[in-house]
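Good morning, and thank you for making time for this item.

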Amino acid sequence: MTTSDLPHAAFAPSVSVSGLGLRLRDWTDEDLPAMAALFDEPQVDRWTPLRSPFTLETARAYLARAREGRAAGLRLQLAVTEDGGAPLGEVLLFRASPDERDAELGYAIGAAHRRRGLATRAVRLMTGYAYDTLATDRVLLRIAPDNEASAAVARSAGFRLTDDEPVVRDRGDGTVSLLTWRHDRGSE
């Protein structure tokens with residue numbers, strides 16, 4: 001089976017990934033207030049493409065785009081939970097096309113839930129999902145050079161900094177230059 005045969009299985013309408021004391025699950029409409037509270041925060045604004053204010057309306061539009069991306073086989077955005085209940089953050093997997101052999105991950109953990117290893121565990125789980133379900137060749141993180149917390153997550157999750165040229169991305173309020181971190185299967 002090729003990855004082009006997998007988008008609907010890998011990006012099914014309902015996805016749940018469990019392990020390492022976490023359950024990554026689909027965002028629901030009932031989660032919108034929690035999503036707005038988690039993402040309307042200075043560090044999320046600083047290090048991710050999510051701008052503040054991140055309101056309930058912003059959350060509603062964000063979830064709609066996430067569902068469209070999933071239907072197209074391009075994005076998988078899951079709430080990070082410990083037990084399937086209240087969201088503590090998000091981990092997302094995305095790729096340029098449904099046939100793309102590389103996957104990129106992103107994540108955001110709410111301020112009240114940081115320094116508990118949630119991001120590292122969520123990245124590890126989603127990395128395994130990318131290899132096992134999508135049959136990706138490699139998994140990437142793109143991190144701003146001065147984002148020490150995310151660099152620590154990358155190292156803890158088995159990623160290594162590459163010497164690739166920085167990737168420049170639009171943030172909506174300007175551009176950001178990001179360094180590439182790469183995970184190779186079995187490099188935990």
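Which residues have the most contacts inside the largest nonpolar core? They are Leu 93 and Phe 159, in a core of 35 residues. Before I continue, some conventions: this is a predicted model, in which local features need pLDDT of at least 70 and side-chain atom pairs count only at pLDDT 80 or more, whereas totals for chains, interfaces and linings use all residues. Residues are numbered from 1 along each chain as its sequence is written, and side-chain values use heavy atoms, with hydrogens and water left out.

By a nonpolar core I mean a set of buried Ala, Val, Leu, Ile, Met, Phe, Trp, Tyr and Cys residues joined through side-chain atoms within 4.5 Å. Buried means under 20% relative accessible area, exposed over 50%, and partly exposed in between, with a 1.4 Å probe and protein chains only. Helices (H or I, at least four residues) and strands (E, at least two) are DSSP runs, numbered from the N terminus.

The most is given by α5, with 10 residues. Leaving aside neighbours within four places in sequence, Phe 159 is in contact (heavy atoms within 4.5 Å) with residues including Leu 105, Val 123, Val 139 and Trp 181. Another core, of 16 residues, lies apart from the largest one; Leu 32, Ala 36, Leu 63 and Leu 92 are among its members.

Let us turn to helix α2, residues 32–39. Here Leu 32, Met 35, Ala 36, Leu 38 and Phe 39 are buried. Seen down the axis, these buried residues fall within an arc of 165° (taken from the directions from the helix axis to the C-beta atoms), so they line one face of α2. On the other side, Pro 33 and Ala 37 are exposed. The cover over the buried residues of α2 includes α3 (42–47), α4 (56–71), β4 and β5.

Finally, the backbone. Ser 52 and Pro 53 are joined by a cis peptide bond, with omega about 5°; Pro 53 lies in the loop between α3 and α4. Leu 20, although not a glycine, has a positive phi of about 55°. Leu 20 sits in the loop between β1 (16–19) and β2, and is partly exposed at 46% relative accessibility. Ala 135, in the loop between α5 and β6, has a positive phi near 55° and is partly exposed, at 31%.
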